[in-house]
Amino acid sequence: MTIELFSFTKNHRLLQPTEFKLVFDAPIKKIHSKHCIVFIKPNQKNTPRLGLAITKKKVKRAVLRNKIKRCTREVFRLNQHCIGDIDLVLIVKISLTKEVDIYAEIAEIFEKIKSLYPKSYL
(Lines give C-alpha, C1' and ligand atoms only; values in the text may rest on other atoms or scores of the structure.)
Protein backbone atom coordinates (compact mmCIF):
# COMPACT_ATOMS: atom_id res chain seq x y z
CA MET A 1 0.00 0.00 0.00
CA THR A 2 1.20 3.47 -0.74
CA ILE A 3 0.63 6.48 1.44
CA GLU A 4 -1.49 8.01 -1.31
CA LEU A 5 -4.18 5.35 -0.75
CA PHE A 6 -4.73 6.59 2.79
CA SER A 7 -5.05 10.27 1.95
CA PHE A 8 -8.30 12.20 1.82
CA THR A 9 -8.03 14.71 -1.02
CA LYS A 10 -10.57 16.66 -3.05
CA ASN A 11 -10.77 13.69 -5.43
CA HIS A 12 -12.33 11.70 -2.59
CA ARG A 13 -15.03 14.24 -1.75
CA LEU A 14 -18.37 15.24 -3.17
CA LEU A 15 -18.12 19.01 -3.47
CA GLN A 16 -20.88 20.32 -5.73
CA PRO A 17 -24.60 20.39 -4.85
CA THR A 18 -25.30 18.64 -8.17
CA GLU A 19 -23.11 15.71 -7.10
CA PHE A 20 -25.08 15.38 -3.85
CA LYS A 21 -28.37 15.66 -5.74
CA LEU A 22 -27.42 12.79 -8.08
CA VAL A 23 -26.80 10.52 -5.10
CA PHE A 24 -29.95 11.59 -3.24
CA ASP A 25 -32.20 11.29 -6.32
CA ALA A 26 -31.21 7.80 -7.45
CA PRO A 27 -29.35 5.78 -4.82
CA ILE A 28 -28.86 2.09 -5.56
CA LYS A 29 -28.67 1.32 -1.84
CA LYS A 30 -29.35 2.93 1.53
CA ILE A 31 -27.62 1.63 4.63
CA HIS A 32 -29.31 2.51 7.91
CA SER A 33 -28.01 2.56 11.44
CA LYS A 34 -29.69 3.85 14.56
CA HIS A 35 -28.71 7.50 14.01
CA CYS A 36 -27.36 7.69 10.44
CA ILE A 37 -28.17 6.71 6.89
CA VAL A 38 -25.79 6.40 3.95
CA PHE A 39 -26.95 6.80 0.36
CA ILE A 40 -24.87 4.91 -2.21
CA LYS A 41 -24.58 5.39 -5.96
CA PRO A 42 -21.93 4.05 -8.40
CA ASN A 43 -19.59 6.53 -10.05
CA GLN A 44 -17.17 6.55 -13.00
CA LYS A 45 -14.32 8.32 -11.16
CA ASN A 46 -12.19 5.21 -10.35
CA THR A 47 -12.26 6.12 -6.67
CA PRO A 48 -14.86 6.12 -3.90
CA ARG A 49 -16.09 9.57 -2.88
CA LEU A 50 -17.67 10.79 0.35
CA GLY A 51 -20.19 13.54 0.99
CA LEU A 52 -21.43 14.66 4.39
CA ALA A 53 -24.80 16.32 4.95
CA ILE A 54 -25.03 16.89 8.69
CA THR A 55 -27.61 19.54 9.44
CA LYS A 56 -27.93 21.89 12.37
CA LYS A 57 -31.56 20.82 12.68
CA LYS A 58 -30.55 17.26 13.63
CA VAL A 59 -27.30 17.98 15.50
CA LYS A 60 -27.57 21.27 17.36
CA ARG A 61 -24.03 21.60 18.71
CA ALA A 62 -21.27 22.48 16.24
CA VAL A 63 -18.74 20.52 18.30
CA LEU A 64 -20.76 17.34 17.83
CA ARG A 65 -21.37 18.02 14.12
CA ASN A 66 -17.65 18.44 13.60
CA LYS A 67 -16.89 15.27 15.57
CA ILE A 68 -19.25 13.29 13.33
CA LYS A 69 -17.52 14.72 10.25
CA ARG A 70 -14.05 13.94 11.59
CA CYS A 71 -15.00 10.38 12.54
CA THR A 72 -16.65 9.72 9.18
CA ARG A 73 -13.70 11.09 7.21
CA GLU A 74 -11.26 9.01 9.26
CA VAL A 75 -13.20 5.76 8.84
CA PHE A 76 -13.57 6.50 5.11
CA ARG A 77 -9.86 7.31 4.77
CA LEU A 78 -8.84 4.03 6.40
CA ASN A 79 -11.30 1.92 4.38
CA GLN A 80 -11.26 3.59 0.96
CA HIS A 81 -8.79 1.09 -0.49
CA CYS A 82 -11.35 -1.71 0.14
CA ILE A 83 -14.39 0.10 -1.29
CA GLY A 84 -15.41 0.04 -4.96
CA ASP A 85 -16.08 3.09 -7.12
CA ILE A 86 -19.15 4.51 -5.41
CA ASP A 87 -20.39 7.85 -4.13
CA LEU A 88 -21.47 7.89 -0.46
CA VAL A 89 -23.51 10.56 1.29
CA LEU A 90 -23.96 10.29 5.05
CA ILE A 91 -26.78 12.09 6.80
CA VAL A 92 -27.93 12.06 10.41
CA LYS A 93 -31.55 10.95 10.63
CA ILE A 94 -32.29 11.45 14.34
CA SER A 95 -30.78 13.70 16.98
CA LEU A 96 -27.56 12.67 18.67
CA THR A 97 -26.13 13.36 22.08
CA LYS A 98 -22.49 13.24 23.08
CA GLU A 99 -23.08 9.92 24.89
CA VAL A 100 -23.58 8.08 21.58
CA ASP A 101 -20.51 6.21 20.31
CA ILE A 102 -20.72 7.62 16.79
CA TYR A 103 -17.31 6.25 15.74
CA ALA A 104 -18.44 2.66 16.34
CA GLU A 105 -21.71 3.25 14.50
CA ILE A 106 -19.93 4.73 11.47
CA ALA A 107 -17.32 1.94 11.49
CA GLU A 108 -20.16 -0.60 11.44
CA ILE A 109 -21.74 1.14 8.44
CA PHE A 110 -18.44 1.05 6.57
CA GLU A 111 -18.00 -2.67 7.32
CA LYS A 112 -21.35 -3.25 5.58
CA ILE A 113 -20.26 -1.05 2.66
CA LYS A 114 -16.97 -2.97 2.32
CA SER A 115 -18.82 -6.28 2.16
CA LEU A 116 -21.47 -5.04 -0.30
CA TYR A 117 -19.19 -3.00 -2.62
CA PRO A 118 -15.68 -4.45 -2.51
CA LYS A 119 -12.91 -3.03 -4.63
CA SER A 120 -12.41 -5.13 -7.77
CA TYR A 121 -8.76 -5.49 -8.67
CA LEU A 122 -9.08 -6.16 -12.39
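**View 1. E111 and K114 meet in a salt bridge, with their closest N and O atoms 3.3 Å apart.** A salt bridge here is a side-chain nitrogen of Lys or Arg within 4 Å of a carboxyl oxygen of Asp or Glu. Welcome to a predicted model, in which local features need pLDDT of at least 70, side-chain atom pairs count only at pLDDT 80 or more, and totals for chains, interfaces and linings use all residues. Residues are numbered from 1 along each chain as its sequence is written, and side-chain values use heavy atoms, with hydrogens and water left out. Both E111 and K114 belong to helix α3 (residues 102–116), where they sit three residues apart, about one turn of the helix. Helices (H or I, at least four residues) and strands (E, at least two) are DSSP runs, numbered from the N terminus. E111 is partly exposed at 46% relative accessible area, and K114 is also partly exposed, at 21%. For these terms, buried means under 20% relative accessible area, exposed means over 50%, and partly exposed lies in between (1.4 Å probe, protein chains only).

**View 2. In helix α2, E74 and R77 are separated by about one helical turn.** The helix covers residues 62–79, and the two residues are three apart within it. How exposed is E74? Its relative accessible area is 30%, so E74 counts as partly exposed. R77, with 24% relative accessibility, is partly exposed as well.

**View 3. A salt bridge between E19 and R49 links distant parts of the chain.** The side chains of E19 and R49 meet at 3.2 Å, N to O. E19 is found in helix α1 (residues 17–25), while R49 lies in strand β3 (residues 49–53), and 30 residues separate the pair. R49 has a relative accessibility of 8%, so R49 counts as buried. In total, the structure holds six salt bridges, the E19 and R49 pair being one of them.

**View 4. T47 is a buried residue in a loop.** Where does T47 lie? Look for T47 in the loop between β2 (36–42) and β3. T47 counts as buried because its relative accessibility is 13%. Which residues does T47 touch, leaving aside its neighbours within four places in sequence? T47 is in contact (heavy atoms within 4.5 Å) with N11, H12, D85 and I86.
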